[in-house]
Amino acid sequence: MSEHTQGTGNIDRRAFLGRAGAGAALIAGGLFAGDALAGGTTTARAMPVRAPSPADLDPLALLQKMLAFDTQNHGEGGVTRPHAQMLKTMWESAGVPAEIIPTPKADNVHLVARIRGTTSAAPLLLLGHSDVVPVERAKWSVDPFAGVVKDGQIWGRGALDMKGANAAFIAALLRHISEGGRFDRDVIVLTDCDEEAGSYGSRWLAENHWDKINAGMVLTEGGWFLAQRDRKTPMLITVTRQDKVYFNLDLVADGTATHSSKPNPDSAIVTLSRAVDRLGDWLAPVTLTPVTREYFGSLAKATDDRAFRRAIELLLSAKSQHARDRAAAVVVARSSYPWLHRALLRTTHAFVIEDAGYKENVIPSTATVRVNCRGVPGGQRPRDFLAQVRGRLAGRGVTVKLVGNPGESEEDALKRLDQTFAGAPSSIDSPLYAAIRDAARVTYPGAVFSPALFEAGTSLYPWTSRGVPGYGVYPYVLDNDQLVRMHGNDERIGVEALRTGTEFMYRLFDRFRTR
């Protein structure tokens, strides 16, 4: 069925439902759920049908409820049970069974809700994490857990990453349920923990409860919805089909430990600082892959900035490494999202944790800085980047160590990274990808749609490693100021952008409705 035909039919039916009332539709149609949340074939039974709370249909009100829960993850998981319990109650009030899955860490839990479909088609899974990175409260303009709305934006830790996306996903689904909608497959909504760090994230869940999350397609965080230079008009709507390759390096400097009254010429901290300075402004070479070439080609079509478009065209047509690097510098300089586009062009390195010293009257013998790196799959191999960093710091008194898994040799770690690096992007030939594309074209008709590379990472590995296609969207248009506050201070998104993004999600799910 064509998009136009399907959309027209759905609008007519829903206009009637709106006049007749959601409750009548629910009573007439009912909502079905299996006896268990586990995957596979089960005997469906009628569940008591209750209309979702009107507040839960409003993505802003739902997001405010989510933001009120302090789910900070300082590196070993957070306290997610109260947040999960709130969502469990919400799902059950709408007639959708939900299950809290505890982990070995107290109050650090996953939540799985399953909306039963009308056929045995492989389920669609929505993956949204409940934990958030820590806050620096003194540097926030508002209470990060109050869901403050001001200047047309909602502020709070997780507003962007990713409780805002969760609110859009869930509010859109609840709207379908309130209309008595049925889907052609099970829809699993997983709100997981330990995405921001910890031992009991999606990999642990897959190892221990795969039957509950086994799916044929997965949607999570990822693709950015970018605006033109006016910071409002939708320009480029992207869906990510591949994450960058995550790895860490440690730079370690050694020196003489002595009393702080006698500064020494071989200070470990000074040596390390000079090495950091040596890498600070350095950029790895630009690499373009089929995924990033398509992205930047779409960006050139989408922008209304002619000089920016010309710079991208020069980048894509460059014949040498020198020409690519020069053109990329112009692209980044002209971009309204410079940090994002610089990251998509190369392996990145960021200095994230520094460790040196233990007492103010002792000059320490060792200083270390952790460098978080993200490689482009199919671009520069992590082992080649490591060799390049070592070459750049040769003779400067610093050891460069690749941080592997416990007990893993460097070569074993490099082989593991080689395997990740060689992984193929998720196929664009799937019902979910088509639904994302179609919803984008209807919701943002003036924008260009494109698949993309995610400059960060997600929890998709348990599915993509099994060949299940996984995609990512943050379903709200952002300007650069909002984007760079991800994991930073005063995180926020636009209220109207959230509402439009929820409409986008509603249309996406509509492609799976049977009535």
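A residue counts as buried when its relative accessible area is under 20%. By that cut-off, buried residues make up 55% of the 515 residues in the protein chain of this predicted model. The chain has 18 helices and 19 strands. Of its contacts with a separation of 6 or more, 79% join residues 24 or more positions apart.

**Helix 7**

- The buried residues of helix 7 are S202, W204, L205, A206, W210, K212 and I213.
- Strands and a helix contribute to their cover: it includes strand 3 (98-102), strand 4 (109-115), strand 5 (121-129), strand 8 (185-192) and helix 16 (461-464).
- Helix 7 covers residues 202-213, which makes 12 residues.
- The end C-alpha atoms of helix 7 are only 10 Å apart. A straight helix would reach 16 Å at 1.5 Å a residue, and helix 7 falls short of that.

**Helix 10**

- Helix 10 (residues 306-317) also has its length checked: at 1.5 Å a residue, its 12 residues should span 16 Å. Its end C-alpha atoms are 16 Å apart, which agrees.
- F308, A311, I312 and L315 are buried in helix 10.
- Viewed down the axis of helix 10, the buried residues fall within an arc of 100°, so they line one face of the helix.
- Cover for these buried residues includes helix 9 (290-302), helix 11 (321-334) and helix 12 (338-344).
- D305 sits at the start of helix 10, where one of its side-chain oxygens reaches to within 3.0 Å of the backbone nitrogen of A307.

- Four strands make an open sheet in the order 13-15-11-16, with antiparallel pairing.
- Strand 13 (348-356) and strand 16 (398-403) are the edge strands, and each pairs on one side only.
- From one strand to the next, the twist averages 25°.
- Strand 11 (residues 245-254) pairs with strand 15 (residues 366-375) in the antiparallel sense over 10 bridges. Within this pairing, N248 has N372 of strand 15 as its bridge partner.
- Helix 8 (residues 268-280) lies across strand 11, strand 13, strand 15 and strand 16. Helix 8 runs at about 20° to strand 15.
- Helix 14 (residues 410-421) packs on the sheet too, touching strand 11 and strand 16. The direction of helix 14 makes about 150° with that of strand 11.

- Strands of a sheet pair through backbone hydrogen bonds, either parallel or antiparallel.
- Strand 9 (residues 217-227) and strand 18 are parallel, paired over six bridges. T220 stands opposite G472 in strand 18.
- Strand 18 (residues 470-478) is mostly covered, with nine of its nine residues buried.
- Strand 9 and strand 10 run antiparallel, joined by three bridges. A227 stands opposite P234 in strand 10.
- The hairpin of strand 9 and strand 10 has six residues between the strands. In this hairpin, R231 takes a positive phi near 70°.
- Strand 10 (residues 234-243) has eight of its 10 residues buried, so it is largely enclosed by the rest of the structure.
- Strand 10 also pairs with strand 17 (residues 448-454), in the parallel sense, over seven bridges. T238 has S450 of strand 17 as its bridge partner.

- Three strands form an open sheet in the order 6-7-19, and the pairing is antiparallel.
- Its edge strands, strand 6 (149-150) and strand 19 (492-494), each pair on one side only.
- Two bridges link strand 6 to strand 7 (residues 153-155) in the antiparallel sense. V149 has I154 of strand 7 as its bridge partner.
- Helix 4 packs on this sheet, touching strand 6, strand 7 and strand 19. The direction of helix 4 makes about 15° with that of strand 7.

**The loop at G75**

- G75 lies in the loop between helix 4 (59-67) and helix 5 (81-93).
- G75 counts as partly exposed because its relative accessibility is 36%.
- Setting aside neighbours within four places in sequence, G75 is in contact with A197 and G198.
- The C-alpha atoms of G75 and P134 are separated by 9.2 Å, although the two are 59 residues apart along the chain.

Notes: Residues are numbered from 1 along each chain as its sequence is written. This is a predicted model: local features need pLDDT of at least 70, side-chain atom pairs count only at pLDDT 80 or more; totals for chains, interfaces and linings use all residues. Side-chain values use heavy atoms; hydrogens and water are left out. The expected span of a helix is 1.5 Å times one less than its number of residues. Buried means under 20% relative accessible area, exposed over 50%, partly exposed in between (1.4 Å probe, protein chains only). The arc is that of the directions from the helix axis to the C-beta atoms. Contact means heavy atoms within 4.5 Å. A polar contact is a pair of N or O atoms within 3.5 Å; within protein, one must be able to donate a hydrogen and the other to accept it, and residues adjacent in sequence count only if both atoms are side-chain atoms. Two strands pair if DSSP finds at least two bridges between them. Axes are lines fitted to C-alpha atoms, for helices over the stretch in contact, and angles run from 0 to 180 degrees between N-to-C directions.
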